[in-house]
Amino acid sequence: ANSMESAPPGGEVATAAPHAHAHAHGGVPCNHAHGHGHGHGLGLGLGGGDGGDGGGDAAASEAPIIDDLTDGEEGWKNPLGSGSLITKTMISPTGKFKPEIKQQVILEVKGWVKATKKVFEDTKIDCYLGDESLVPGLELAVRMMREGEVALVRMAARFAYGDRGLDAAQNSFGTSVPPGAAVEYKVKVCSVGKMLPDEGKMTPNERIRFSTQRKKIGNKKYKFKEYPVAVKIYEEALNYIGTSSKWKSVDEDRTDDLKQLKIDCENNLCAALIGMKNFEKASRAASRVLKLDSRNVKAIERSIRSYLATNNLKMAKKMLGKAKEYHPNNGRIKGFQQTLEEKEEKEKLRKDKFARTFQKKGLGYEVNSASADAKNSKRDKSIMEDMHSTGKENAEQQTKRQTYNIFHVTIGIALIGLVCGVWYKHHLDYS
């Protein structure tokens with residue numbers, strides 16, 4: 001990577017460093033491919049070479065100035081009209097066309113904190129616009145530049161690192177970008193290349209190349225805990241990789257590379273989804289890995305975590321069994337086992353409590369009350385007394401009924417005997 005020709009005023013000359021970004025728009029990660037609500041795709045020129053498109057002055061005359069980053073210096077253009085993003089052309093372009101979203105660009109970029117002039121980035125970037133490689137303000141500026149052009153770009157925090165800032169550990173210069181800090185870049189558009197190929201027309205080598213690039217960017221976003229952006233990027237990488245049905249007529253080595261990339265991206269997607277606490281989707285991503293590699297330790301561990309988080313204890317126990325079988329020396333197994341046992345005990349207690357509560361409610365018992373025990377005890381005593389009283393009454397009534405029945409049976413027999421005697425006497429007299 002080449003450093004820019006000159007350092008910023010008061011700033012040290014820095015050597016090139018690997019590119020690393022974790023930007024946010026007002027503290028929220030931005031999706032470049034869909035714009036930022038600040039003029040993406042408006043075709044507002046920077047004024048290089050042919051003077052741009054002439055849209056900047058009109059915008060500036062209509063919008064109120066929110067930020068003034070010019071420091072009283074002349075020559076700055078205000079393409080958005082708010083003053084939050086200003087540009088100054090240093091070298092006119094040699095090319096005619098502006099790069100578009102999904103078009104390859106090679107850039108030389110140097111960035112420093114506006115207030116302190118401390119450099120946090122100096123690198124050469126090969127990327128496709130909209131792939132999350134650039135902070136929003138820098139990507140917007142590049143989209144208004146042409147090949148060969150060199151410009152200074154100043155931007156408010158919401159176009160750079162937002163309210164989160166950039167930690168010193170996240171770049172090789174050891175320079176932090178404070179939360180809410182304005183930043184400045186010197187950027188050169190070295191070349192504008194081809195558009196990103198359609199996924200359906202990619203060759204195996206292109207699938208490997210583009211998915212590997214997306215995976216690297218996704219890893220940076222994951223490292224900076226920008227989990228939603230990382231998920232989006234990993235899903236794009238998996239889309240480039242495709243399914244095994246699209247790997248036909250590919251030699252065995254390339255097939256193995258594509259399979260390993262798919263495993264890596266699915267595993268990383270699972271980790272990012274866990275970071276978002278989207279455990280249902282995370283478990284599905286882990287399952288896709290295990291279909292390709294049933295012993296994959298990362299997928300097994302992450303599936304156990306996801307199942308435990310959603311209290312799917314049956315599946316957690318099953319995956320824990322696989323972990324013990326395939327990776328018996330894994331130190332995390334003991335922790336997973338302990339968590340599972342604790343959750344199983346809690347679930348057992350919960351079910352027992354529910355069963356008791358349901359039973360008592362069905363019998364009319366009062367539950368979840370400070371005086372429930374006393375009231376229920378009194379109710380039990382009352383029920384026993386009622387049962388004793390009812391039993392005594394029932395016995396007395398039964399004795400009375402039996403006496404009454406015997407009396408009526410005796411009377412009945414006597415009446416029958418009397419009728420028979422009268423009939424017999426009458427029959428004898430007639431004879």
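## Aromatic contacts

Phe 120 and Tyr 185 are both buried, where buried means under 20% relative accessible area, exposed over 50% and partly exposed in between, with a 1.4 Å probe and protein chains only. The structure is a predicted model, in which local features need pLDDT of at least 70 and side-chain atom pairs count only at pLDDT 80 or more, while totals for chains, interfaces and linings use all residues. Residues are numbered from 1 along each chain as its sequence is written, and side-chain values use heavy atoms, with hydrogens and water left out.

A search of the whole structure finds five aromatic pairs, rings of Phe, Tyr and Trp (its six-membered ring) being paired if their centres lie within 6.5 Å, with planes under 30 degrees apart counted as stacked, over 60 as edge-to-face and the rest as tilted. One of them joins Phe 120 and Tyr 185 in an edge-to-face arrangement, at 5.9 Å centre to centre and with 85 degrees between the planes. This pair links distant parts of the chain, since Phe 120 belongs to strand β3 and Tyr 185 to strand β5, 65 residues apart. Tyr 128 and Phe 210 also form an edge-to-face pair, at 5.5 Å centre to centre and with 75 degrees between the planes. Tyr 128 lies in strand β3 and Phe 210 in helix α3 (residues 204-223), so this pair ties together parts that are 82 residues apart in sequence. Tyr 128 is buried at a relative accessible area of 7%, and Phe 210 is buried at 3%. Phe 120, Tyr 161 and Tyr 185 form one aromatic cluster.

## The sheet

Five strands form an open antiparallel sheet in the order β1-β4-β5-β2-β3; helices (H or I, at least four residues) and strands (E, at least two) are DSSP runs numbered from the N terminus, and two strands pair if DSSP finds at least two bridges between them. The edge strands, each pairing on one side only, are β1 (85-91) and β3 (119-128).

Strand β4 (residues 150-155) pairs with strand β5 (residues 183-195) in the antiparallel sense over six bridges, and Leu 152 stands opposite Lys 186 in β5.

## Positive phi in two loops

Glu 132, in the loop between β3 and α2 (136-142), has a phi near 75 degrees, a positive value in a residue other than glycine, and with 2% relative accessibility Glu 132 counts as buried.

Asn 311, in the loop between α7 (297-309) and α8 (313-326), likewise is a residue other than glycine with a positive phi, near 60 degrees, but Asn 311 is partly exposed, with a relative accessible area of 49%.
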